[in-house]
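Good morning, and thank you for coming. Please look at the model on the screen while I take you through it.

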Amino acid sequence: MESLETRDMLLNIGPSHPAMHGIVRIIAKLDGEVIRDAQVEIGYLHRGFEKMSETVSYNGVIPYTDRLNYVSPLINNMGYCMAVEKLLGLTAPERCQYIRVIMSEISRITDHLTCVGASAMELGAFTVFLYMIKAREYLWELVEAATGARLTISYCRVGGVKADLPPGFAEKTHKALAETRNVLKEVDKLLTRNRIFVDRMKGTGKISQEDAISYGITGPFLRGSGVNYDVRKASPYAVYDRLQFEVPLGTVGDNLDRYYVRMEEMEQSMRIIEQCLREIPGGPVLVDPESGRPISAAEMVDKGKMGRINEIAGKTAVTDPTLQGTGETARDTIGVAEKRVFLPPKEDTYGNIEGLMNHFKLVMFGHGIRPPKGEVYFPVEGANGELGFYVVSDGSDRAYRVRVRPPCFTIMGALPKLLVGEMIADMVPTFGSVNMIGGEMDR
Amino acid sequence: MLAAHAWRGDETVTVRPESLLEAARLLKEDPEFQMNFLMDLSAVDYQAFGKTLQGQGAHANTGIAIRQPMNVPTDEPWPGPATTARFEVVYHFFSLPLKRRIRLKVPVEESKPEVDSLVPLWAAANWFEREVWDMYGIRFRGHPDLKRILMYPEFEGHPLRKDYPVNKRQPLIGPVN
Amino acid sequence: MFGSQNFLTSKLESAIGWARKYSIFQYPFVTACCGMEYMATACSHYDVDRFGAGFPRFSPRQADVLFVVGTISHKMAPVLKKIYDQMTEPKWVVAFGVCTCTGGFYDNYATLMGIDTIIPVDVYIPGCPPRPENVLDGLIKLQDRIQAQHDGKPIPRPDPSERAFTV
């Protein structure tokens, strides 16, 4: 028997394969069922983010950042805007910082829900996926209420956010978080002690602390190996230094640890959101003292046309992100009081000449935000790890260079190391726990 | 070392390409730095720096005057690239024990676009360097497998160079549109 | 003389059309952001199964509707073409999201400006990404199209006065 010739088999997986999320190709060299060597081919979703960023204005990059990590777009928005703000030397007002933190933590939960749900589905637990998407839907309704869109939200602006939180946001959030907690409890029952799930996750895709650091892995993947590194703790930005939260750590660094870390991080994110909702400084929404409801911009314009100035003098109208007529305007609490940077509220743009001119001065070709010459690097904790923006400005109205430090790019770089020596079936949970997001990895 | 600054609090050091490996090893191993993470590795093409249409005094098409960059409160102006070389390879390091970041920059001449590879020191450099080669055409001496990573092998040119037109397409199948 | 056979076949054709339109086996060619909305459409809240399209097949040989979900880059284009060629007749293609319809705002060196430059498309669902309701609307329009093909009727075109979002 020993004299029989054996040959390794090459197996091509992807790019169009259900477990490869559509955009990765792995060429595995197999000896029986054991992976001897693996080559990872990426770039199938390269959309030229960095080149496009050089062709549009500073605010124009924001929609492109939405589509980097499209499961948690609010974190990308925040990272980019804070990088440009650092370049400009500005700090967003406190309420805006809180709003950004709330939004990015909601995004983190949706991202982890999708990741855990999808990797459980790939192991056969379809119910979990349906449950998790259900919870994600509740959170997206929340995001939609605040930003006007479900997924590609473009909520942040350089210097602030687009709109204030809508009325009743806190109650809606508490309700959505309660629903999410229920789902997580159910999922926990379904998975954590599930023999099939645990057997497939435990001991697979192991990576040591030294290797993980050498590969530049960050985020839940690194914390699964027990390295205590979270950008929110190591170099706190926004208001994270005032918030109480734990950084869950794994011990072994296998897929199961990463599952635990993600589940616990969702709980911590909810804790952060609840703290923020408690501590957020007063909103700009002005309420009509008689009726107790916010005054809409349309109503204000109507009154102004009829000459009833006394009723509205000194009050500020409120806008809705959907532009249907409620919302906010005392923008200095959600954006910097710097007219050369922060876009005026829409009711100013449409309602008076100063607002319109201010808007044009910021969006017209050849005008716009002009940061001084310089370069900055600003890291935030993305859902997959450190998401850094390196922005170089040459003093013009367009970024000279925008570089993203993509968190899952480095994890994918370590994938051959994770796979070699394991069975081919272990590829699915390992790849699932990477939470590869094409838009972010290939840009 | 060619230059150093800490504009906006980002500590930045520019070194000559010859001393890159030495500097990187020092950052990694010296107890004063302990930069165990290579967070990011990218490059910048300074060919069009300050020469963009909007950077000049007036609009090329309309002649409308363009206002000068705003005077944002700043401690001191950014010193700018240290040399006149076309490219700069930019490394961002992070030290987990010291919670400290350092940016290391290496000027690269267009005539000889080659620097030393950092793969022996950090495994993360492998893919990052492939990406820089793909996007800028800068070679890394000693890289184990320097090939394109985001674009396909048939692609000609390096798309993030400033002289590559943004919509010059090289499709594998289908019309060029 | 006036062919009962004819009568029978045309009825049978209609019945086949009816059966086909309510048992769509789709191949989700998911590449990018739109995949998130595709998931949302497929799961409990919007439940694409109500329209008989809840069964994704990940083999092109067994699928009859190709859902192209997300940006197609030039690197991906040959793969998409190959998948389309591998599907057996009858087959339909849905362009899901504006990147597949026209290329969207990624007008640069890396992306394909609309998948209809390489494969024929039956239904375009624009939006970046389209909302699940929009996707369901597109799916119903595809079903009308399938039925019309089997009835021998002209394929429904949008009323230009209506300017419908989904064709």
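Which residue is the bridge partner of A:Arg25 in β3(A)? The partner of A:Arg25 is A:Glu41. Before I place that pair in its sheet, a word on the basis of what I report. This is a predicted model, in which local features need pLDDT of at least 70 and side-chain atom pairs count only at pLDDT 80 or more, while totals for chains, interfaces and linings use all residues. Residues are numbered from 1 along each chain as its sequence is written, and chains are lettered from A and ligands numbered from 1 in the order in which they are written.

I begin with chain A. Helices (H or I, at least four residues) and strands (E, at least two) are DSSP runs, numbered from the N terminus. Two strands pair if DSSP finds at least two bridges between them. By that criterion, β2(A), residues 25–31, and β3(A) pair in the antiparallel sense over 7 bridges. They belong to an open sheet of 3 strands in chain A, with the order β1-β2-β3 and antiparallel pairing. Because β1 (9–13) and β3 (34–41) of chain A stand at the edges with a single partner strand each, one side of each is left without a neighbour in the sheet. From one strand to the next, the twist averages 20°.

The axes of α4(A), residues 94–122, and α18(A), residues 427–434, come within 9 Å and cross at roughly 170°. Axes here are lines fitted to C-alpha atoms, for helices over the stretch in contact, and angles run from 0 to 180 degrees between N-to-C directions. Angles over 145 degrees count as roughly antiparallel, and α4(A) and α18(A) are therefore roughly antiparallel to each other. Residues are in contact if their C-beta atoms, placed from the backbone, lie within 7 Å. On the α4(A) side the contact is made by A:Ala118, A:Ser119 and A:Glu122, and on the α18(A) side by A:Val428, A:Pro429, A:Gly432 and A:Ser433. For residue classes, Ala, Val, Leu, Ile, Met, Phe, Trp, Tyr, Cys and Pro count as nonpolar, Asp, Glu, Lys and Arg as charged, and the others, Gly among them, as polar. This helix contact has 3 nonpolar, 3 polar and 1 charged residues.

One further residue of chain A deserves a moment. Leaving out residues up to four places away in sequence, A:Met441 touches A:Ile42, A:Pro406, A:Cys408, A:Phe409, A:Met412 and A:Met436.

I turn to chain C. Its secondary structure comes to 5 helices and 5 strands, running α-β-α-β-β-α-β-α-β-α from the N terminus on. Of its 167 residues, 46% count as buried.

How many residues of β3(C) are buried? The count is 5 of the 5, residues 65–69, so this strand is largely enclosed by the rest of the structure. In a regular strand the side chains alternate between the two faces of the sheet. Accordingly, C:Val65, C:Phe67 and C:Val69 point one way from β3(C), and C:Leu66 and C:Val68 the other way. β3(C) pairs in the parallel sense with β1(C) over 5 bridges, with C:Val65 as the partner of C:Gln26. Another 5 bridges join β3(C) to β4(C), residues 92–96, again running parallel, and there C:Val68 is partnered by C:Ala95. From β3(C) the chain crosses through α3(C) to β4(C), and this β-α-β crossover is right-handed: with the strands pointing away from the viewer, the path from the first strand over the helix to the second runs clockwise.

Finally, the interfaces. Between chains C and A, the contact takes 28 residues from chain C and 25 residues from chain A. On the chain C side, α2(C) gives the most, with 5 residues, and the residues of that side divide into 17 nonpolar, 8 polar and 3 charged. Between chains A and B, the contact takes 44 residues from chain A and 42 residues from chain B. There the chain A side divides into 14 nonpolar, 15 polar and 15 charged.

Methods
Contact = placed C-beta atoms within 7 Å. Buried ≥ 20, exposed ≤ 12 C-beta atoms within 10 Å, placed from the backbone. Parallel < 35°, antiparallel > 145°, perpendicular 65-115°, else oblique.
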